[in-house]
Amino acid sequence: MKTEENKLSFTIKNELVEIPRTAEVILQHARNANWPSVWISNANLVLDELITNTISYGNLDSSEAAIRIELTVENNQLVIVMEDKGVEFNPFEEAIEPDLEADIGDRLIGGLGVYFVKILASDYSYERTGNTNRIRLVLEAAEE
C-alpha cells in the first residue's frame, strides 16, 4: 500500500472478503488526511459495487487476479481509478439499465448498482488498454 495525504494506492485480491478490508483502508487513510466524510461513504459505495462485479463476472485468471485501486485528491475532487485484468466489460454501457418505473416484482435483476455509481460520480469513464480494464470515477466534495 502506498499513501500520501492526497493519494492512496493499494491492491486487493480477487475475493469478496477484500471489500470490507478495502473500506477499512479507505476509512483509515481518509480520516488521517481529513477527507470529507461524503468521499468516504461514496467511495466505499461505488467500489463495493464495482469490485463485486469484477470479482463475480470478470473471470480473472488466478495469476492476474489482483485489482488495483487508486484514490487521488485533485482540485477538491476525489478521483478513483480501478484496474483489473478480467474480461473486457464496460459497466457504464453494457450493464442492464434498471426500469425504476416498474413494480418491484417486475424488475429485471441487475443494473441498479451501476445506476447508483453513475448518480454518485460527477464523471465516469471506462477504457480497455491491452488486457486491462480501467474505470475512472470523480466524486465531488459536498458541503458538510
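This is a predicted model: local features need pLDDT of at least 70, side-chain atom pairs count only at pLDDT 80 or more; totals for chains, interfaces and linings use all residues.
## Salt bridges between strands

A salt bridge is counted where a side-chain nitrogen of Lys or Arg lies within 4 Å of a carboxyl oxygen of Asp or Glu. Arginine 134 is partly exposed, at 28% relative accessible area. Both residues also take part in a network of salt bridges that includes Lys7, Arg68, Glu70 and Glu127.

Arginine 136 forms a salt bridge with aspartate 123, the closest N and O atoms being 3.8 Å apart. This pair links strand β6 to strand β5 (residues 123-129) across 13 residues. Arginine 136 is partly exposed at 24%, as is aspartate 123 at 39%. The count of salt bridges comes to seven.

## Helix α1

Helix α1 comprises 15 residues, 18-32, and reaches 21 Å from its first C-alpha to its last. Within α1, arginine 21 and glutamate 18 lie three residues apart, about one turn of the helix, and their side chains meet in a salt bridge of 3.1 Å, N to O. Glutamate 18 is buried, with 8% relative accessibility, whereas arginine 21 is partly exposed at 36%. Other buried residues of α1 include Ile19, Val25, Leu27 and Ala30. Asparagine 34, which follows the helix, has a positive phi near 60°.

## Overall organisation

The protein contains four helices and six strands, arranged from the N terminus as β-β-α-α-β-β-α-α-β-β. Of its 144 residues, 41% are buried. The accessible surface is about 8300 Å², with 48% belonging to carbon and sulfur atoms.

Note on methods. Residues are numbered from 1 along each chain as its sequence is written. Side-chain values use heavy atoms; hydrogens and water are left out. Helices (H or I, at least four residues) and strands (E, at least two) are DSSP runs, numbered from the N terminus. The expected span of a helix is 1.5 Å times one less than its number of residues. Buried means under 20% relative accessible area, exposed over 50%, partly exposed in between (1.4 Å probe, protein chains only). Accessible areas come from the Shrake-Rupley method with a 1.4 Å probe; for residues, only the protein chains shown count as cover.
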